[in-house]
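Biologist: Thanks for sitting down with me. Could you walk me through this model, starting with the terms you use?

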Amino acid sequence: MSNLDEVYITHRSTIFGEISLYRLEREDVETVQRLAMDLKIDFESKSISYSSSFSYSSKVNTHVHTDNEVRVIEQIMEDVLENPHSEFDVFTIRCGNSSKPAHENTPIGFVIVRRFLYHRDLLLHYHLPKDDHHLDHERAEIITLKLHPLFNNSCDLIFRSLAGRTNYFDYYFFCGRKANIFSNDLKTLMMLVEPRPRKKNVFNTLPSIIKSPKTIVGLPSYNYFNDHLTVFRHKLNPSKFFGNSNRLVIIGFSSECRAFLRQLLFVWNSKNHKNSKTYTCLPRLQVTVIAEPGIVEAEYECTFICPECANSRSKSCFMFYENSSCYVRDVIARMDLRYWVQFITGHVNYIDREKKLVRINKTCNVVYDTLMLMNSVNFNLKDTLPFDEQERRPYNFIQLNHRLDRFIMFYKVRVLLEELKRSYRIVIFGSNLSTYEFIDFLLTHGVDPTHVILVQPREVTPSEEEQKYKNPMDDTNIGYVLDDMMSDIDLTIYRDLTFSHWVQHAASNFILEVVFTDCYKNALRLDCDIFVSFRVGYMDPIVKKCLIDSDIQLRNNKILVNKKFQTNDPDIYAVGNFIQFNEPVNHQYRFTSEMETAQKLMHIMGLRESEKPYEEKYMYPAFFRATLPMDYYITKVTMPCRYLSSCVVNCMNCSLTTYYHNTFCRIGLSQKMIVDEIVVVTKRSSSLDYLEHFCGKHESMLNNLKAHHKNGDIKCFLKFLQEPWTELLMHEDFEDLQEQNRKILMPMIKNLQNLKDSPEQHLHDVNKHFLEQNLLDFVRENRKDFKHEFALPEDYVEENFG
């Protein structure tokens with residue numbers, strides 16, 4: 001054998017022995033140290049293989065800080081042996097004959113646990129059952145767990161044995177993105193806890209005071225209220241795997257891809273926790289994602305420290321600030337797909353539809369049963385660009401479609417500032433909100449505004465259907481205000497120009513100047529050191545060429561799909577802003593919620609049954625946020641058009657605005673007084689994800705918002721939507737209440753309408769009575785879930801009134 005790392009010598013006790021746990025004794029210290037040091041040696045001496053599809057074979061402890069962990073383990077062992085009231089419990093895991101002394105059994109691992117008392121803090125961000133209050137003092141946090149890989153299949157047995165020795169019945173393990181990560185060989189055999197799909201307003205909730213032992217140096221102290229944590233859980237239930245049975249291959253790592261992978265990862269999850277109450281639910285996915293080099297790694301990079309923002313807490317750094325909804329952001333922030341999904345780095349050459357394989361890097365074939373195209377992009381300058389003979393983009397040309405692009409851009413700007421301190425020039429082409437977000441990055445990271453030139457494109461009038469689409473990433477009215485702000489700081493702006501071409505250096509792949517033309521064909525030539533384009537594209541030219549070579553039908557630079565998102569090949573699906581339905585539809589299907597698109601795909605492909613009746617139209621809002629110049633933040637939530645035929649182009653619906661203490665709010669109402677847009681521009685950096693709960697609601701449900709605004713009672717919409725009554729609308733069971741109201745009222749309304757003599761006032765009184773009674777029952781049932789104490793009739797008994 002040339003590679004001895006693949007040879008395993010099994011102990012006979014794996015066949016004839018049993019696994020037992022023993023409390024730490026003084027003579028076990030050396031054994032635990034040796035096992036801990038073996039972990040360190042493994043990371044230093046062995047190269048980690050990423051070829052396996054399943055994480056627990058090689059990638060389970062990839063990002064562990066081994067030196068710190070070994071030091072902490074030694075401190076905890078000393079504390080346990082010296083302090084009889086230590087908060088930690090240390091056990092050695094051994095295999096052999098449990099009736100014999102510990103030293104006669106083979107040590108195969110160890111585990112360190114302590115009591116966990118912060119379950120209520122987790123409920124704010126994670127989808128956990130609320131009815132486990134009897135376990136408040138019977139939960140445990142796993143600090144570290146080391147186990148020989150041959151015994152991973154005994155995970156359930158080990159946790160049950162640990163419960164018998166400690167009286168803990170619910171185990172948690174935490175991985176913090178910016179904290180020291182400890183090892184746990186069984187974490188991928190524990191149940192991953194899903195973050196809440198829609199956030200709530202926490203109403204200034206104070207987090208629990210977490211006291212870390214002063215004697216233990218290096219032990220991470222988590223803020224369960226604010227930190228982004230990956231949470232694993234084991235509740236002593238038998239393990240059961242969930243996943244897809246066919247081979248899925250996804251091209252691209254876009255927002256739609258992340259949302260779909262999250263749906264796959266938590267296919268077992270439901271609102272009533274039906275599966276997790278019975279099983280330890282584990283994902284086993286046959287999914288391969290093909291992404292360009294560095295895309296996935298850059299998204300999960302959390303060790304980067306921006307030198308300009310390291311000591312500033314007032315502004316979120318552009319390098320970390322994500323624009324998408326919390327449903328997509330949490331795929332990166334609160335979980336790591338690399339444990340369950342196989343990622344392959346490569347450039348797609350073509351798709352062989354007959355053999356069902358994808359050729360990448362001109363040498364490798366990836367076989368699929370179902371192929372999904374999710375590699376749409378936001379920005380693309382032109383269908384054909386003057387690349388060099390190797391199809392490489394110029395070194396100083398940037399399009400910010402991925403976080404990797406941000407890293408590349410960051411270092412290029414740093415080099416520019418260090419080497420050309422006074423003579424550099426940055427040309428930016430675009431006019432959407434992302435353009436101003438990038439300008440804000442430049443201004444806050446050392447770039448002088450006099451060296452920045454903004455060229456705004458001449459907008460070509462899109463088709464009537466395109467004009468009806470609501471795009472949360474654009475806002476023309478706010479753009480005018482931002483232009484005035486840019487002019488005030490001496491930033492040069494050219495308007496209504498079209499990109500023509502660029503002039504490259506004769507000897508190197510470098511842009512010397514960019515040429516634009518106006519409506520009279522007059523040329524504007526701008527020298528530049530960096531050229532950044534935010535021109536909307538949706539499809540990369542290289543992707544288009546690959547699709548044409550693979551005979552995938554296109555129209556107007558978009559992939560043609562049917563109502564089931566299938567291309568002309570039924571085994572190939574396409575999702576993103578680069579698709580077009582091949583038959584007329586009367587609803588918006590682009591610039592929509594990634595979560596809802598993923599749910600539709602899961603239903604169409606038979607991977608998950610919908611908890612609600614399936615509907616082709618979109619009913620959830622799309623979310624976008626960005627940083628803006630002058631320390632402002634923008635959050636925009638828009639409802640998709642459910643009926644395009646009823647929309648009138650360039651027709652303004654009712655728009656309500658407020659401006660109060662540097663906070664601008666705009667709420668758009670449809671003709672039926674439904675809130676179809678919420679825009680907030682503020683200097684406060686607090687997360688406004690909870691605004692999704694209010695978009696799509698009737699204005700009367702928002703405490704008669706229109707009437708209050710007309711009377712001058714609302715100074716700031718943001719403060720209005722943070723009042724205590726909004727907590728009812730954000731409750732996870734509120735939609736069920738609404739559905740219950742509909743089922744009760746609709747038959748009654750139809751019957752009363754059939755009675756010609758029935759007065760309208762009588763109908764109103766009956767409806768009001770049922771709605772009030774249902775609301776009171778809802779508050780009674782969920783009263784403990786609310787931060788504010790809502791009054792009920794029974795609170796005012798007769799004796800209180802004398």
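Modeller: Gladly! Contact means heavy atoms within 4.5 Å. Helices (H or I, at least four residues) and strands (E, at least two) are DSSP runs numbered from the N terminus. Axes are lines fitted to C-alpha atoms, for helices over the stretch in contact, with angles from 0 to 180 degrees between N-to-C directions. This is a predicted model, where local features need pLDDT of at least 70 and side-chain atom pairs count only at pLDDT 80 or more, while totals for chains, interfaces and linings use all residues. Residues are numbered from 1 along each chain as its sequence is written, and side-chain values use heavy atoms, leaving out hydrogens and water.

Biologist: At about what angle does helix α6 run to β9?

Modeller: Helix α6 spans residues 255–265 and lies across β9, β11 and β16. Its angle to β9 is about 160°.

Biologist: What is the strand order of the open five-stranded sheet?

Modeller: Strands pair if DSSP finds at least two bridges between them. Strands β9 and β16 run parallel and are joined by four bridges. The pairing in the sheet is parallel, and the order is β12-β11-β9-β16-β26.

Biologist: Which residue in β16 stands opposite I251?

Modeller: Look at β9, residues 248–251, beside β16, residues 370–373. Opposite I251 you will find L373.

Biologist: Which residues outside its sequence neighbourhood is F260 in contact with?

Modeller: Set aside the neighbours within four places in sequence. The contacts of F260 are then L248, I250, M372, M374, A598, L601, M602, M605 and L607.
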